[in-house]
Amino acid sequence: MRIIRTEEVTSTNDYIRQQDEHLTLCWAESQTKGRGQKGNSWESEKGRNLTFSFLLHPERLPAGKQFILSKAVSLAVVEALRTTGTQARIKWPNDIYVGDRKICGILIEHDLSGDGMIRRSVVGIGINVNQQRFLSDAPNPTSLLLETGRICDREALLAAFIDRFTDFYHIVCHDPENGLIDDAYLELLYRKGEWHRYRDAEGCFEGRITGIGPEGELLVEKRSGAVNGYRFKEVSYLL
Ligand code: BTN
């Protein structure tokens, strides 16, 4: 990847949006308008974390299959965190958790072309690395420093992410049906197979995550035995 390291931008996703070259990555020490999912802002203390975005021009990836990219990114983050001795899990659809705490958020924005394919994707990642105190009301944040008790080398962590993502992205482009990514994702899925509380349009219920549907839906079994497939924002996790 071509890495641009900078002091301050509004949002690295917005910065990368103005670039053209496939695999250009921008890492900023601070963002004045760091964005999260659902219109939230992203809190990150200057100079302590990894807040970066990169540009992809996926080869022949249909819009309906876009979730494989999210899987590849999530797996690469988990494997990069593992190099620090930290075991993380993937909380569908965009979060990485250590135990019940969030260590990383992912914001992927796609542009589609007229023929239903993805023309380009901006992948934004915020990993809490050496931050100790969190001021926003974001629920349950943690960082590598809080988890390991050690200051973590951010450059090494970014290099590990790029290394792992490069391998997963090769599969996304050349052999997406081989099941490697899907299987690895399921292995690391937060709460998979366990009964927990959730909320959907009908109210609160007890459910058990059984897997991921073909378009990235979260499959949750209810006590009645019915299995629902939820899209983004259609179901919330309750503690
Ligand atoms: C979320 O969990 O809500 C997603 C957070 C994504 C944050 C990253 S930090 C780098 C990139 N730039 C942004 O403005 N957002 C993403």
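**Close-up views of a predicted model**

View 1. Residues are numbered from 1 along each chain as its sequence is written, and side-chain values use heavy atoms, with hydrogens and water left out. For C152, the closest cysteine sulfur is that of C104, and it lies 13 Å away, which is too far for a bond. C152 is buried, with a relative accessible area of 13%, whereas C204 is partly exposed at 43%; here buried means under 20% relative accessible area, exposed means over 50%, and partly exposed lies in between (1.4 Å probe, protein chains only).

View 2. Seven strands form an open sheet of mixed pairing in the order β1-β2-β3-β7-β6-β5-β4. Because β1 (2-9) and β4 (89-91) stand at the edges with a single partner strand each, one side of each is left without a neighbour in the sheet. Neighbouring strands are turned by 20 degrees against each other on average, direction ignored. Helices (H or I, at least four residues) and strands (E, at least two) are DSSP runs, numbered from the N terminus, and two strands pair if DSSP finds at least two bridges between them. Strands β3 (residues 50-56) and β7 run antiparallel and are joined by seven bridges, and L50 has I127 of β7 as its bridge partner. Helix α4 (residues 154-174) lies across β1, β2 (24-31), β3 and β7, at about 30 degrees to β3; axes are lines fitted to C-alpha atoms, for helices over the stretch in contact, and angles run from 0 to 180 degrees between N-to-C directions.

**View 3. I118 in strand β7.** I118 is found in β7, which spans residues 118-127, and is buried at a relative accessible area of 3%. Leaving aside neighbours within four places in sequence, I118 is in contact (heavy atoms within 4.5 Å) with P58, L61, P62, A63, Q66, H110, D111 and L112.

View 4. Q131 is found in the loop between β7 and α3 (144-148) and is buried, with a relative accessible area of 1%. A polar atom of the Q131 side chain lies 2.8 Å from the backbone nitrogen of E45. Apart from neighbours within four places in sequence, Q131 is in contact with E43, S44, E45, R48, N49, S143 and L146.

View 5. A nitrogen atom of the ligand is 2.8 Å from an N or O atom in the side chain of Q31, and a polar side-chain atom of T12 lies 3.0 Å from a nitrogen atom of the ligand. A polar backbone atom of R35 is 2.6 Å from an oxygen atom of the ligand.

**View 6. The five-stranded sheet.** Five strands with antiparallel pairing form an open sheet in the order β11-β10-β9-β8-β12. Since β11 (227-230) and β12 (236-237) stand at the edges, each with a single partner strand, one side of each is left without a neighbour in the sheet. Strand β10 (residues 218-222) pairs with β11 over four bridges in the antiparallel sense, and V220 stands opposite N228 in β11.

Methods. This is a predicted model: local features need pLDDT of at least 70, side-chain atom pairs count only at pLDDT 80 or more; totals for chains, interfaces and linings use all residues. A disulfide is a pair of cysteine sulfur atoms within 2.5 Å. A polar contact is a pair of N or O atoms within 3.5 Å; within protein, one must be able to donate a hydrogen and the other to accept it, and residues adjacent in sequence count only if both atoms are side-chain atoms.
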